[in-house]
Structures are given as C-alpha cells and as structure tokens.
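This briefing covers a helix pair and a domain contact. The structure is shown first.

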Amino acid sequence: MFGLDKKDTSLFFLVVVLVALAPFLLNPFPENSELAQFNAGYPDLMQRFLIFGIFAIGFNILFGLTGYLSFGHAAFLGVGSYAGVWMMKLLTMNVIPAIFMSVVFAGLFSLLVGYISLRRSGIYFSILTLAFAQMSFSLAYSVLTPITAGETGLQLALDDPRIIGVSAVDGSIPAANLFGLPMRESFELAMGGWLFTFNAGYYLCAVVMLAAFYVAIRIFRSPFGMMLRAVKSNQQRMNFTGVNSKPYTLAAFVISGMYAGLAGGLMVAMDPLAGAERMQWTASGEVVLMTILGGAGTLIGPVLGAGFIKYFENIFSKINDNVLYEWFSALPDGLADVLVFVIHPFIGKGWHLTLGIMFMLIVIFLPGGIMEGIERLGRLFSRKKKSETPSRAAPAPAE
Amino acid sequence: MEILKVEGVNKSFGGLKALNNVNFSVEEGTVQAIIGPNGAGKSTFLNCMIGRLAPDTGTVMFGDISLTGLKPHEINQVGVSRVFQTPEIFGDLTLLENIMIPALAKRDGEFALHAFARVDQDAEIRDKATHMLEDVGLAEKKDTIAGSLSRGDKRRLELAMCLSQDPKLLLLDEPTAGMSRADTNNTIDLLKRIGDRGITKVVIEHDMHVVFSLAEKVTVLAQGTIIAEGKPEDIKGDPRVQEAYLGGAHL
C-alpha cells in the first residue's frame with residue numbers, strides 16, 4: 001500500500017497508531033499516584049520526541065546508509081530555526097511558511113557544507129563537519145548578531161512587520177498557528193484518575209513526522225538508497241562499477257540536512273525562538289547518540305533512540321533526593337541514607353551518567369542498538385514457538 | 001580493429017622506474033595475457049589503464065577515447081570493466097544487490113536520483129541480475145550476504161558484476177590468485193564461456209596454466225619494459241622470457 005511492501009506498510013501503520021495514541025500510551029500512571037512523574041504524555045515532551053525523531057531519521061539517511069559520520073548536523077537544525085523565526089517576524093505567524101523556509105535554508109546550507117566536507121571521507125569528513133558547525137555556532141553567537149540576536153537568542157517582538165499577518169493582537173505577540181489554529185491549543189480529557197492532553201502542535205508534529213518517516217522508508221527501498229548502502233560497503237568497487245559516488249553522498253547529505261532543518265522549523269513552530277546553543281557540538285553529538293543507540297541503518301531505530309534520550313533528559317533528571325527518600329520511606333533511616341547516597345550520582349543532574357552507562361552497555365552488548373535487542377527478543381520467541389511444534393528438519397549445516 | 005592502444009607510457013615512483021616506454025595494443029574480440037615476474041610492473045600498468053594511476057607520459061586510447069585523465073567511473077561508463085586481484089564486492093549487500101548495482105549503473109549512468117522508485121519492483125534489473133547469477137552458478141545464494149562467500153565464489157560474483165554491464169573490454173588482474181586447482185579450472189571454463197559474448201579480455205596472470213589455456217597472445221613485462229610478445233607457444237620457448245623468470249642475467 002502507498003508504494004510500500006507488506007512489511008513496511010505494517011511498520012508504518014504501527015508507527016501511525018503509536019504516534020496517534022501517544023497521549024494515552026505515554027500517560028500510563030494516574031495523575032495523583034507516586035509514579036505520575038514517570039508520565040511522558042505532556043505536549044512539550046511529546047513534541048520533542050517527534051521533532052528529535054525527525055532529526056534522527058534524517059541523520060540516519062546519511063550515517064546509517066552511507067556510513068559518513070557527520071558531527072555538525074545541529075548547525076542545519078539551527079539554521080532552520082533561525083529561518084523559521086525570521087519568517088514569523090517578517091511574514092506571518094502561520095507555521096507553514098516558517099517550516100518551509102527552514103527546510104529550504106537548511107538544504108542550501110547543507111549543500112555548501114556538504115560540497116566542501118565530502119571532499120574527504122572517514123575521520124577527516126567528521127572533523128570538517130564539526131569545524132563547520134562550531135564555526136556556525138560562533139558566528140551566530142557573535143558576528144552575526146544582527147541576524148541571530150547573539151546570546152539572547154532570536155525572539156519575536158511586538159513591532160515585527162509580519163507583512164501577511166498582524167504585528168500584534170490585543171497588545172501582545174500573536175500565537176504561532178496553522179491557519180488560525182493556535183499551536184498551543186490543547187484539549188484535556190479526564191478519565192478517572194487519569195488526565196490526557198491532546199495538543200494541536202503535537203498533532204502537527206505527528207503529521208510532519210509521519211510524512212518524513214514515509215519518505216525515509218521510500219528512500220531506503222529505492223535504487224538511490226541501495227547506492228547509498230553500496231557507498232558504505234565498498235566505495236572503490238562502486239567507482240570502478242561506473243557509479244560516481246560523490247553526487248550520491250552529497251544528495252544524502254543535503255537530504256539529511258533538510259530533515260534537520262525541518263526539525264528546526266518545527267521547534268520554532270512549537271516555541272517561536274531560536275538560540276545559538278542549538279548549533280553547539282553537544283547538540284550534534286546528541287543526534288549521533290540517538291541514531292547509534294536506536295540502531296543505525298534501521299528504519300525505526302533512530303526514532304526510538306531519540307525518544308529514549310529525550311525521556312531520560314526530561315524524566316530522569318527530575319528525580320531528586322527528596323523523591324528518593326519518599327520511595328525509601330518504609331526502610332530504616334540509616335539504610336535509606338545509604339541507598340540515597342549510592343543512587344544520588346545517577347539521578348537528577350547526574351542523568352548524563354546513567355545515560356552514558358546505558359549507552360556503553362548497549363554499544364558493547366548490542367552493537368545494532370535497541371533494534372538489535374528487539375530483533376534478538378523476537379528470534380528468541382519465534383524459536384520457542386517453533387520448538388513447541390515438532391520441527392520438520394534439523395537446520396542445514398553451514399557449508 | 002584495435003580496441004585498446006597504449007603508446008609510450010612511463011611511470012615512476014620516486015627513483016623507481018615502474019614502466020619504461022610501454023607500447024601495447026589489444027585487438028577487438030581477443031584474449032590477451034600480460035605476464036611477468038613479481039615487480040615487473042604488471043599491476044602498475046593495469047592501474048594506468050584504468051585510471052587509478054595517472055601515467056607520467058604517454059597515451060591510453062580506448063577506440064577513439066583517451067582514457068588518460070578520466071576518473072574510474074568514467075572509464076567504466078565507456079565500457080571498460082575490471083576484476084581485481086582480491087575480489088572487490090559489496091560485502092554487506094546480498095548477491096542479487098551486488099549485481100543490480102552495476103546493472104543500474106549501466107542503464108542509468110553515473111548518477112540517478114531515483115529516490116522514490118522501488119528497487120524490488122524493477123523487473124528489468126532484477127531479471128538481468130538473476131540471469132547473471134544463474135550464469136555463474138550462484139543463483140541459489142542470491143539472498144545471502146556477499147561477504148560470507150568463499151573466495152572462489154566472491155571471484156565468480158565479481159566476474160558476474162562486470163559481465164552484467166556487457167563491457168567492451170574486461171581487465172582481469174590475476175583472476176585465479178589464491179584459488180585451488182579445481183576452482184582455477186572452473187574459472188577458466190567460465191572465462192572461456194563468456195568468450196563467446198565477444199568481450200575483449202586482458203588477463204594479468206602468474207599461473208602459466210591459466211595463461212596458456214586462455215590467451216591468444218601473450219605480452220611479457222619485465223622491469224617495466226616489454227621484452228617479448230607473441231603466441232603462447234612461441235613465448236614458452238623464448239630464451240629472454242626464461243631468463244627474466246629465472247632471473248639469471250643481471251646477477
């Protein structure tokens with residue numbers, strides 16, 4: 001269906017269902033329970049899951065398929081964000097032009113960076129992209145202040161022209177909207193102890209993310225995608241086979257840059273401001289972690305990786321010592337103190353430590369990321385199922 | 001008609017003169033072998049022809065196209081394919097994909113942004129690749145990952161990749177290096193069979209058995225110079241060739 005084969009269609013529909021029902025699925029704990037702080041079903045975080053999911057899907061088209069490891073993709077996200085905010089300042093608060101121009105500008109910038117960086121491969125390519133990203137970050141922070149507003153970050157103002165829209169509504173800045181539907185509009189549904197929030201911005205992100213995911217599946221299954229995998233496998237053979245690998249890698253680079261721009265534009269649509277820190281190398285590194293954690297080269301892995309990291313960043317970091325003492329209140333005082341002392345470095349501000357350990361464990365024991373874990377579990381279950389039914393023949397010995 | 005004509009090619013690496021004024025030509029539709037002791041400059045010569053190395057002076061003409069200065073993919077696109085000394089294949093891809101890539105390169109050229117086509121629904125390319133795998137006897141393994149093949153099978157796969165492009169000229173760099181006698185004979189049979197397609201072949205080889213069962217003309221290279229050229233049976237008895245191989249003269 002939709003030009004996808006059976007397996008991909010069912011994967012796509014699974015993702016559609018998960019994304020559509022996320023406000024339910026991510027809020028499994030009643031509002032007043034102790035575990036409510038593990039709920040991730042609030043609009044801000046759910047939007048971030050999808051936006052960074054898009055970022056990682058795009059990064060995976062470059063890194064997962066061609067094996068070119070870019071350490072500068074946050075620059076494209078940043079360029080996209082600035083372009084988006086400027087559209088809102090100059091044109092209209094409708095998010096469509098903002099998102100569109102984010103993609104265009106990120107695409108143009110990635111064409112420039114890619115053209116230069118792709119003259120080298122391997123570690124030199126990574127360093128070149130890193131240098132470009134850091135350069136962009138520094139420029140945005142200092143020299144380009146008239147465009148980027150430097151340290152304060154680019155924000156909307158009351159006296160912005162907004163040629164197509166209006167400068168101000170009732171003396172305040174108008175809200176980002178989609179043809180009049182404000183992005184922060186939410187509908188809350190209380191069911192028993194549970195409270196579910198359905199947010200307009202989230203569902204816009206959902207539609208965009210599903211479209212981006214669909215395009216990624218098509219690219220993976222296309223002759224173009226096969227050529228990209230061939231680049232990763234053996235570039236020398238590729239050249240001697242009559243394929244010019246350069247435009248292929250450049251196209252992959254620009255496509256992934258446009259995905260990053262799309263993510264940046266959506267960030268702006270959800271929250272109309274842009275800062276230089278979005279371009280910093282830690283942000284570029286984060287998308288690398290997301291992709292590897294989820295499973296580079298797999299379709300859905302990077303999205304899972306993005307969700308995993310964002311969940312940790314937002315939920316784990318909220319657990320502090322007081323929360324721990326509450327949990328251990330049943331234990332004797334001394335023991336609770338010891339436990340809190342031991343766990344303390346791993347929670348709250350120490351969430352990076354936990355994430356780092358999990359990342360190391362996954363890379364060492366599951367080099368294929370979360371997706372490899374899921375696959376292994378799947379194989380384990382299917383083997384069990386098979387052994388229940390009498391097996392037809394012993395597996396053929398390998399040659 | 002001469003399909004390949006090499007004139008006055010020189011190549012030095014620092015002080016080492018690897019190729020010294022080499023003149024060489026190949027008739028269309030023939031099988032020609034280049035032999036020579038280790039370090040004679042055979043691989044350098046091949047690399048100069050294929051665009052991996054640029055000769056210092058001299059010309060390499062393929063029909064009326066000059067190959068000097070062209071990039072590897074451009075040389076392939078005019079109809080020259082190459083089999084490497086150690087098989088160069090796409091180790092992470094399936095056998096079928098390994099053949100589909102050169103077939104696509106032949107049909108769509110050096111770059112095509114078919115990002116929305118479905119590779120598994122391209123019947124033309126798939127059929128071609130499947131036939132090619134049948135031809136070399138790898139059809140039943142078409143969905144295995146190429147990296148897991150034995151060396152002999154990898155070589156056959158690489159040959160099939162080249163043949164799927166219907167090249168006008170096929171360059172083979174030691175196609176039986178490191179193979180068992182049985183595998184070598186299989187490869188010879190395979191190369192003989194594809195001879196029927198009218199593909200001109202240049203074979204670089206150590207193994208005299210292979211050379212004498214395949215080649216119609218043999219060129220002997222020693223210390224960067226061509227020292228003899230002729231029919232296999234003439235070359236066999238040539239004292240200069242025996243000297244070069246046994247290395248008695250310059251002691």
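The notes below go from conventions to the helix pair and then to the domains.

This is a predicted model, in which local features need pLDDT of at least 70, side-chain atom pairs count only at pLDDT 80 or more, and totals for chains, interfaces and linings use all residues. Residues are numbered from 1 along each chain as its sequence is written, and chains are lettered from A and ligands numbered from 1 in the order in which they are written.

**Helix pair in chain A**

- Helix α4 (residues 73–90) and helix α11 (residues 245–270) of chain A pack with their axes 7 Å apart, at an angle of about 45°.
- Helices here are DSSP runs (H or I, at least four residues), numbered from the N terminus.
- The contact (C-beta atoms, placed from the backbone, within 7 Å) includes A:F76, A:G80 and A:G84 of α4(A) and A:G257, A:G261 and A:V268 of α11(A).
- Its residues divide into 10 nonpolar, 10 polar and no charged; Ala, Val, Leu, Ile, Met, Phe, Trp, Tyr, Cys and Pro count as nonpolar, Asp, Glu, Lys and Arg as charged, and the others, Gly among them, as polar.

**Domains of chain B**

- An automatic or database assignment divides chain B into domain 1 (1–79 + 168–251) and domain 2 (89–166).
- The C-alpha centres of the two domains of chain B lie 27 Å apart.
- Domain 1 of chain B and domain 2 of chain B each give 10 residues to the contact.
- On the domain 1 side, α2 (72–77) and α6 (181–194) of chain B each supply at least two residues, and α6(B) has the largest share, 4 residues.
- That side of domain 1 of chain B divides into 5 nonpolar, 4 polar and 1 charged.

Key. Axes fitted to C-alpha atoms, helices over the stretch in contact; angles between N-to-C directions. Contact = placed C-beta atoms within 7 Å.
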